[in-house]
Amino acid sequence: MIKNIILMGPPGAGKGTLAKQLLAAYPFTHISTGDMFREAIKAGSELGKLAKSLIDDGHLVPDEVTIALVKERLSRDDCANGFILDGFPRTLPQAKALEKIAEEISRPIEIVVNLDCDTNELIRRISGRRVCRSCGAPYHIETKIPQIEGVCDICGGPLYQRKDDNEESLKVRLGHYVHDTKPLLDFYRERNLIKNFDASGGYEQIFDQVFAYLNK
Ligand code: ADP
Ligand code: ZN
């Protein structure tokens, strides 16, 4: 069975949602660098202080910092049954470092699930996105409305809008995606690891397709 997975795609493509769906079906560990940075910010750690202004403005956290964080995380025991990397790698140096780390710890990447999505749809999704502060569940003000306004259906936690989900930051994030992250598709194509999925449709649809592919 395929078990060590990278989720790639522009902001808003649905990487986080797909990761959560896959976690319900497989014994994988979810490694989201975005979530790790947001936790560091909440905790007020040194890492959080460094990351905060960069993330709020839509910029990337420096490679050395991000790579060190992922290296430590991937080496833990809970990754032995498989992992889903969500939001990492995002630059060529990160992809090269990951290749080396994966070899050192004998946990090779087996597939890169690439989510394709139209830019207008990304903007629509991100500008209406709300997230549960307690459990991280995603909502949308038009397409995934909670039963009670501002309250998470799953855990009752408060919903909020991420500070980087505004028009200005989103422009910067999409720019970084095109400039820094998109070139990774060639890197992984050369290694025969890419599998493309159309993520413009509904969330259920992508999950069904990825699930079917992983079980092949
Ligand atoms: P999204 O995919 O919606 O943009 P994430 O939660 O994956 O959101 O990431 C949020 C922010 O965290 C990014 O815009 C960036 O500032 C920072 N970040 C996350 N992963 C990385 C990474 N691999 N390298 C550098 N910065 C990162
Ligand atoms: Zn919740």
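Let's start with N4, which sits in strand β1. Keep in mind that what we have here is a predicted model. Is N4 buried or exposed? Its relative accessibility is 3%, and the cut-off for buried is under 20%, so N4 counts as buried. If you want a sense of distance, take N4 and E190: they are 186 residues apart along the chain, and their C-alpha atoms are 18 Å apart.

Strand β1 covers residues 4–8, and it runs parallel to β4, with 4 bridges joining the two.

Which strands make it up, and in what order? There are 3 of them, in the order β6-β5-β7, forming an open sheet with antiparallel pairing. The edges are β6 and β7, each of which pairs on one side only. Between β5 and β7 there are 2 bridges, and the strands run antiparallel. If you'd like a residue to look for, V131 has Y160 in β7 as its bridge partner.

Now the zinc ion, ligand 2. What holds on to it? Four cysteine SG atoms coordinate this ion, from C132, C135, C152 and C155, at 2.3 to 2.4 Å. Along the chain, these donors follow the spacing C-x2-C-x16-C-x2-C. Take two of them: C135 lies in the loop between β5 (129–132) and β6 (138–140), while C155 lies in the loop between β6 and β7 (159–160), so this pair ties together parts that are 20 residues apart in sequence.

Staying in the loop between β6 and β7, have a look at E149. With 78% relative accessibility, E149 counts as exposed. Pair E149 with K49, 100 residues apart along the chain, and the C-alpha atoms are separated by 31 Å.

Last stop, ligand 1. How many residues surround this ligand? The count is 19, and the closest are T33, R38, H59, G87 and Q94. Helix α2, residues 33–43, gives the most to that shell, with 4 residues. Let's go through some polar contacts. The side chain of T33 has an N or O atom 2.7 Å from a nitrogen atom of ligand 1. For R38, a polar side-chain atom lies 2.8 Å from an oxygen atom of the ligand. And R162 has a side-chain N or O atom 3.1 Å from an oxygen atom of ligand 1. On its own, ligand 1 has 550 Å² of accessible area, and the protein covers 96% of that.

Key: Residues are numbered from 1 along each chain as its sequence is written. Chains are lettered from A and ligands numbered from 1 in the order in which they are written. This is a predicted model: local features need pLDDT of at least 70, side-chain atom pairs count only at pLDDT 80 or more; totals for chains, interfaces and linings use all residues. Side-chain values use heavy atoms; hydrogens and water are left out. Two strands pair if DSSP finds at least two bridges between them. Donors are N, O and S atoms within 2.8 Å of the metal (3.2 Å for Na, K and Ca); water is not among the atoms, so sites may look incomplete. A residue is near a molecule or strand if one of its heavy atoms lies within 4 Å of it. A polar contact is a pair of N or O atoms within 3.5 Å; within protein, one must be able to donate a hydrogen and the other to accept it, and residues adjacent in sequence count only if both atoms are side-chain atoms. Accessible areas come from the Shrake-Rupley method with a 1.4 Å probe; for residues, only the protein chains shown count as cover. Buried means under 20% relative accessible area, exposed over 50%, partly exposed in between (1.4 Å probe, protein chains only).
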